[in-house]
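Hi everyone, thanks for making time this morning. I'd like to walk you through one model, so please have a look at it while I talk.

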Amino acid sequence: MFEKLKRSDSPQLDGDMMEQEKPDSTAERIAEQGRTSDIGIGDLMNKRAKLEEAIDYVGLMIKNLKDKRTKLEKEIEDESVDIKNLKEKLVKVSEYIEEENRGIRDLSNKRAQVESEADEVGNLIGSLRNKLASIDNIVEGEATKVKSIKESRPKA
């Protein structure tokens, strides 16, 4: 029974498992079996030997499974660390984006203030231009009056 199990699973065994089997001890057991087969102890010893081989085989399978599990645990931990690092980077990128958005809002508010002040200055300039034009008209009117008065006077 165990030989059938061993033969069907043997392609999956690692090289380490094959090295750990002891063909010499099996041959010694078979030789002993021939000497004690008169009372059935040989069969019993043969079964015991097969059970020991099966236990060794199961032990190797358990060791391989533990090794695989340990390897998977390490890989999962490595991935976990990588994901945590990526998450921290993404949080920093998000904070940077939020900071840039605040900066853009601040710049937009400052631009709006400057634009408002520029409009006020433009209105002041327009108002002053109108006042200057009015003064210029008054000055021209006065100059025209003075000129007309000078012309109306007799020349001496």
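Before going on, some housekeeping. This is a predicted model, where local features need pLDDT of at least 70 and side-chain atom pairs count only at pLDDT 80 or more, while totals for chains, interfaces and linings use all residues. Residues are numbered from 1 along each chain as its sequence is written, and side-chain values use heavy atoms, leaving out hydrogens and water.

Now the overall layout. The protein has four helices and zero strands, so the order from the N terminus is α-α-α-α, where helices (H or I, at least four residues) and strands (E, at least two) are DSSP runs numbered from the N terminus. Helix H4 covers residues 41–152. With 112 residues, H4 spans 163 Å from its first C-alpha to its last, close to the expected 166 Å; that expectation is 1.5 Å times one less than the number of residues.

How far should we trust it? The predictor's confidence in each residue, pLDDT, runs from 0 to 100. The mean for the protein is 83, and 75% of residues reach 70 or more. Confidence is highest in H4, at a mean of 95, and lowest in helix H2 (residues 15–20), at 45. Over residues 4–23 pLDDT stays under 50, and the model has 15 contacts beyond four places in sequence for them, a contact being heavy atoms within 4.5 Å. Where pLDDT is low, the predicted coordinates should not be read in detail.

On to burial. Of the 156 residues of the protein, 7% count as buried. Within H4, the buried residues include Gly42, Met45, Ala49 and Tyr57. The accessible surface of the protein is about 13800 Å², with 58% belonging to carbon and sulfur atoms; these areas come from the Shrake-Rupley method with a 1.4 Å probe, and for residues only the protein chains shown count as cover.

Back to aspartate 78, which has a partner. Its side chain meets that of lysine 74 in a salt bridge, at 3.1 Å from N to O. By salt bridge I mean a side-chain nitrogen of Lys or Arg within 4 Å of a carboxyl oxygen of Asp or Glu. Both residues sit in H4, four residues apart, about one turn of the helix. An α-helix has 3.6 residues a turn, so residues three or four places apart point the same way. Lysine 74 counts as exposed because its relative accessibility is 54%.

The structure holds seven salt bridges. Among them, lysine 145 pairs with glutamate 142 at 3.8 Å, and these two lie three residues apart in H4. Another joins arginine 105 and glutamate 98 at 3.7 Å.

Last stop, a nonpolar surface patch of about 300 Å², made by Val93, Tyr96 and Ile97. Patches use residues with over 30% relative accessible area and no salt bridge, joining like charges within 9 Å and nonpolar side chains (Val, Leu, Ile, Met, Phe, Trp, Tyr) within 5 Å. Valine 93 is partly exposed, at 44% relative accessibility.

Definitions and conventions. Buried means under 20% relative accessible area, exposed over 50%, partly exposed in between (1.4 Å probe, protein chains only).
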